[in-house]
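Please find below a short note on the structure, arranged as numbered points. The points begin with the chain as a whole and then turn to a single residue.

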Amino acid sequence: MEKVYIHTNFIKLQQVLKLAGLIDQGSDVKVFLADGLVFVNDVMATERGKKIRNGDIVEVKGAGKVMVVTEQP
């Protein structure tokens with residue numbers, strides 16, 4: 001599983017999806033959420049602004065899965 005490293009306490013779901021390359025454009029997020037293809041820790045996500053924290057696993061069915069990790073200084 002690939003990892004997405006962040007420098008803050010949390011990151012918004014739409015930012016994780018774009019940063020990880022799981023979606024091509026930010027505008028695609030609404031479509032993927034409406035189609036029920038986005039999961040956070042195996043729970044279907046409905047909010048593109050959902051806060052994602054260290055250790056959370058984000059998945060887009062058919063595109064991939066990543067773990068969000070807080071970088072240690």
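1. Of the 73 residues in the protein chain, 32% are buried. The model is a predicted one, and every value in this note is to be read accordingly.

2. The accessible surface of the protein chain amounts to about 4700 Å². Carbon and sulfur atoms contribute 48% of that surface.

3. Two helices and seven strands form the secondary structure of the protein chain. Their order from the N terminus is β-β-α-α-β-β-β-β-β.

4. The radius of gyration of the protein chain is 11 Å, which agrees with the value near 11 Å for a compact globule because that value is the one given for 73 residues. Along the principal axes, the C-alpha atoms occupy a box of roughly 40 × 20 × 20 Å.

5. Among contacts in the protein chain with a separation of 6 or more, 51% involve residues 24 or more positions apart.

6. The protein chain carries 10 positive and 9 negative charges.

7. Is isoleucine 11 buried or exposed? Isoleucine 11 belongs to strand E2, which spans residues 10-12. Its relative accessibility is 11%, so isoleucine 11 counts as buried, the cut-off being under 20%.

8. Which residues does isoleucine 11 touch, leaving aside those up to four places away in sequence? The partners are Ile6, Val16, Leu19, Lys50, Lys51, Ile52 and Val68. Aspartate 42 is 31 residues from isoleucine 11 along the chain, and the C-alpha atoms of the two are 18 Å apart.

Key:
Residues are numbered from 1 along each chain as its sequence is written. This is a predicted model: local features need pLDDT of at least 70, side-chain atom pairs count only at pLDDT 80 or more; totals for chains, interfaces and linings use all residues. Side-chain values use heavy atoms; hydrogens and water are left out. Helices (H or I, at least four residues) and strands (E, at least two) are DSSP runs, numbered from the N terminus. The radius of gyration is taken over C-alpha atoms; the globule rule is 2.2 Å times the number of residues to the power 0.38. Buried means under 20% relative accessible area, exposed over 50%, partly exposed in between (1.4 Å probe, protein chains only). Contact means heavy atoms within 4.5 Å. Accessible areas come from the Shrake-Rupley method with a 1.4 Å probe; for residues, only the protein chains shown count as cover. Lys and Arg count as positive and Asp and Glu as negative; His and the chain ends are not counted. The place of a charge is taken as NZ of Lys, CZ of Arg, CG of Asp or CD of Glu.
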